[in-house]
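User: Please take a close look at one interface in this model, and describe how the two sides meet.

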Amino acid sequence: MKKYYLGIDLGSTTSKAVIVNENDEIVGRGITNTRANYKVAADIAREEAIYDARFTLLQRKVGAEMIDKPEFKKYLKDLRNVFQYGQFKRRMDSLEKTLRSTVLAFTYDNKEAIIKALNSIIESIRPQIHNGFINENLGSKNQFFRDIVSERYNAEVEKYPAEFYEPLLLAFDKSITPTENEMVQYNFKELIYESMKILDEKYKGLADEQEDGSKEDWYYAELNAIKNNYKTVEHTLRQHITDIADEDIHIAKMVGTGYGRALLPFPEDCIKSEILCHAFGAHAVFPNTRTVLDIGGQDTKAIQVDRHGLVTSFHMNDRCAAGCGRYLGYIADEFGLSLNELGPEANKASKETTICSTCTVFAGAEVKELLHNGEERPNILAGLHKAIVQRAMSLIARSGGVKNEFTFTGGVARNEAVLKYVKQMVRGSYGEVTMNIHTDSIFMGALGGAMFARRNINADLPVQEKATNETL
Amino acid sequence: MKKLSELINECKELAFDLSYTRAKQWKEEKPGRAIVGYMPIYFPREIAHAAGALPVAIFGGGDRKQIIKGDAYYQSYICHIPRSIIELALDGHFKSFDGFVFPSICDVIRNLSGIFRQLNIGSFIKYLDFPQNFSKDIGGVFYKQEMEHIIHYLTSITKKEVTAEALNHSIDLYNKNREMIDFIYKIRQDFPWRLNMEDVYYIVRAGTVIPVEEHNKLLEQVCYHIKENIGTPQDKVKVVVSGAFCEQPAVGLIKAIEEAGCYVVDDDYQLGSRMIIGNIDAQSSDPLMALSMGFIKQSQYSSSIYDVSNPKEYRLAKIVKDRGADGVIFASASFCDPSLLDAPIFQNAFNKMGIRYIAFQYSENINQYKVIKEQVGAFSDSIKLWEDEPATVQVTNK
Amino acid sequence: MAQEAQKEKSMVLQKEMVEGLFDALSKVSETGKKVCYTFVPGNLSELIRTFDMLPVYPEINALQSAMRKKSASYIKEAEKHAHSEDVCTYVKCDVGMLMKGNIGPTGQKLPEPDILLLSYTGCFTFMKWFETLKREYPNAKVIMLHTPYQENAKMTPEMVQYMAKQLRDEVIPVMEEVSGVKYDENKLKKILGYSKEAGDWIAKIFDTTKHKPSPIDAYFAGVYYIGPINIGFRGTPEAVEYYKELYSEIMQRVEKGLGPITPEGEMKEEKYRLVVEGPPNWTNFREFWKLFYDMGAVIVASSYTKVGGVYDMGWRHDASRPLETLAEYCMNCYTNLNLPQRIELLSKCIKDYKADGYITNSIKSCNSFSAGQLAMMREIEDRMEVPVGFIESDLVDPRYFSYSNIKNRLESYFQMLGQRKMMENQEV
């Protein structure tokens, strides 16, 4: 039996899981939002990683040659989306139930009207979400159940008169938490067949789309390929799915890390500091890494590693949350933007407004004053992003500066404005340095954890062989 | 004679020239010249002058220097000025400086002298321990010895002998310098609209980065202009600003206070240029002792001088009275130990004496001050509205 | 501090000394003894004793208040009266305690000072503190003893003379006047003789950490060991007896190969040997300590135990030059050393006691310690090639002690040390 190793990184905003095989190759990854029940968050991330692993195995069985064909690519992409929808739908069913019973327990005078409104909201968001997953790639947008539902729910609530707001929003707040914290078990095989059925119908109904040049060439290539070949793909996949679904993904060892690691239901010797895990993960992906900057939700870390990926020195931000992801959260709230919109908005700036206070308490007031003085929103945002990166740079300086190569990880690395300033300032202070920034840098901590698990954390040591260079 | 606006512009340029262009030029003009940088608050510049060196004040980077390296040296709960000084040092702004003097103001500046040593910046580093003993034979002698050390460092670079005559000449030049600055404050006490605080700030600060002879020429012209009845009086209250002696507020803040309805008729920004009250004996046969006693007996109250024999609250109260001020603004740099630790002493005393005040904190790099402006405005209004009421207004801001 | 069964004789001796002092303080109205408020760094215990006065140490009261969980309310009280949130919490804790009736650590009211003896050593805030106290106690006599900073890593003859003159011409006359006791140099010399002896023992005690395992924790237990010399007993036969006893107890541990005693009994396995820079946190002292011993970390040297005098570099009180020796003592306290000297001293500790790592506990209140600690740390990391760790807390303000934050950092740090040790062993 093959052995797999699991790393779980329980962060303050997101929980990540990575599964590696005996060669340190990543076979599965999962991510979800961290919630009140840490165990559920960790379990969901792990389950996701296991599903992901099954897909990986499926692809391997089918073989690289086949997988590279456009129709396979397209089919698998769609399949993952629809598969996600299947999971989503079960949780959605549960949420609908909870919402209804929550509202039933209300004592508002207009309770009947509220129930009616709720039902009609549910009816209208259901197809939206269905359509989002099946036809619009919603599954690949890194959005979590809570985000997806609340965005649409709130939009619907706004269509109602003001007196409905409070009860409807209250109902949602009361229902989302228990739904989220409940662990739902899925049957992989069942879910995947269900998904294939949906896809079958989808492709059958595909109309001919005119090539009007509004989309890239590959889009049409994929579309045409799938229209003509989906039956073949289905057939090929079916040959392997049962095997894959029944395969025991045996997790031989696991390691938990991250901000909430102490709360993970792991034995104490399976808990490892996120500093070590992030560094180890980043080093595994980019073996020449010597300096790692990780900006996470709760803290910022500047880490120096040696050629084995072992930490030689690290610095974390001081007590205040200034300069880490949490700060971006405050800023987003201050501007009424979502976290994902911050970076792009900041990048529209014509200049960076000087922001003095990276203190979360003071920055709010400063931002208000700046807006009041007529400063442009993107310029202020650019200033804020720059301020965060400045803080990170001084942490790096504290830990000994940037050494070649430099790897930037953590959730905040996804923010393009942050990325821009990191590049700018690293070059400015340290000259030409190879900079590794990976779109999946958020998984580095979990990857490091999984790799520690594979090395049997009791032995506590990385093997000195050259770490794998495979990208995530 | 230059126009006042020209003079002010010239001073403005000089005051915030973080490249210290004029000082470096001066050093290049003749071999054997040296530059000594000094930190706030006070440094007896006369000794540098007599030793053939140009004393240059280092007030930090203000809101004109982006801080990255400096932050790596300091925790978040330490004031801002040492960060920007380190940033300036590491970015080469002090390249032609020969040495640095760190007067004893607080633990942060004291320890900064150690960081300069550790980083090997400059050919000498001197922490100047001001005496906290005020008798001539003890503190006086000690301070004289401290100055002798600095002279020794400087003359080993300039190869110049410091004679009594040279020292007396330097003392005389700085006496004149202070006299003229005092004159500007005297004019402002009665006619604060002739020259606003922002301009006074530029004029005084320019003097900390150029040779005293040049500054004296500038001052002579400024004094000439403000003897004329220029400007238009406005309905503003008169205040004294206290507590901003080391890390300097951004100019915008200095300006904002006056814009919010106050004439600042006295202050302790750049205290060092005005530290000694009155002239120092310029004819002594022991001019170093004269300087020493000048510091011991003629110093303005300061957070860096132990004050038990001459309590600072009464001294500030007297300034308020002499200047005809309506109240006091306590402006402290965030995390400034000396200023913040003195605040309760002043404020508790002023509550009893019925002197109005407000207090706020700033940071050299913060150039937004809407809240402060509102506070100052409210303070000024409350003074105007309740002129007969002795009540104290207390607005404290974190 | 330890379990009943492990109560050593030295602890009993210390307890007797402390209780005796507070008892005497509570009885000054009957005995007529004069009270001298003063600070630990550069404390002139010997001189105070020469004049039969009793010392009160505001910092000690503040840290005791913190350990008794009273500091938060004292600090708030001071902050209500214009004391800034951003300054030394010892000062605020002391001022707050004063405002709330000046009840000392033993529950007895502390007597007012007859003398405020400001030995202005290594900390600018001390000066502000006594300026504040002078306004609260207008009748107290004030003595300012200015200790020059060792800015050039030297105690020059002129610095010594400056201090000796202050002592002779200003400190002693006021003490004579207030106490009504004539200055007796022979008495002072005798007292200084005991100080020297105590110094010898202390140096030996803190040198026992060169053993493996270290028989003591030089930080968390060290702060208890320095108690007697720091609260006025330096220069007494009692202190000498205490340190002699303590040393023999420690040597017994060494012979048995035992590690240090913790509040939860003997430390089982010594995994990491550390040198710590910076004062401890007092509000959560036990919790803070536990974070270390739980992970098998023992502190083999700390700068904090040197605030009341540095004895490791060979300096001792010299009774033959009484005033000069007091001057040197003051100038030689840890926070009166310049940064390069501090680096030197700590590097020596790392080397002599074979430390695996160096940790800075950066204290928000104390800029005398904290300003420059990051530069020190970088230099030590480079020079000594030991992994360095950085945590932040405060002296007596519980708002600045974040358990999870510190734990997170320490855990990461110890795991890093663990990896490194394993690696080194493998290479060997």
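Analyst: A salt bridge is taken here as a side-chain nitrogen of Lys or Arg lying within 4 Å of a carboxyl oxygen of Asp or Glu. In this predicted model, E131(C) meets that rule with K312(B), the closest N and O atoms being 2.4 Å apart, and the interface of chain B and chain C holds six salt bridges by the rule. Polar contacts across this interface join 30 residue pairs, counted where both residues have pLDDT 80 or more.

The elements of chain B that each supply at least two residues to the side touching chain C are α5 (107-118), β4 (124-128), α6 (136-158), α12 (312-322) and α13 (337-353). Among these, α13(B) gives the largest share of that side, with nine residues. Sorted by class, the side of chain B that touches chain C consists of 27 nonpolar, 15 polar and 12 charged residues.

As for the extent of the interface, 54 residues of chain B and 57 residues of chain C take part in the contact, and the two chains bury about 4,700 Å² between them, with 56% of that area on carbon and sulfur atoms. Within the area that chain B buries against chain C, Y77(B), Y306(B) and L341(B) supply 15%, more than any other three residues.

Key:
Residues numbered from 1 in each chain as written. Chains lettered and ligands numbered in written order. Predicted model: local features only at pLDDT ≥ 70, side-chain atom pairs only at ≥ 80, totals over all residues. Heavy atoms only, no water. Contact = heavy atoms within 4.5 Å. Buried area = accessible area lost by both parts, 1.4 Å probe. Polar contact = N/O pair within 3.5 Å; in protein donor to acceptor, adjacent residues only side chain to side chain. Helix = DSSP H or I, 4+ residues; strand = E, 2+ residues; numbered from the N terminus. Nonpolar A, V, L, I, M, F, W, Y, C, P; charged D, E, K, R; others polar.
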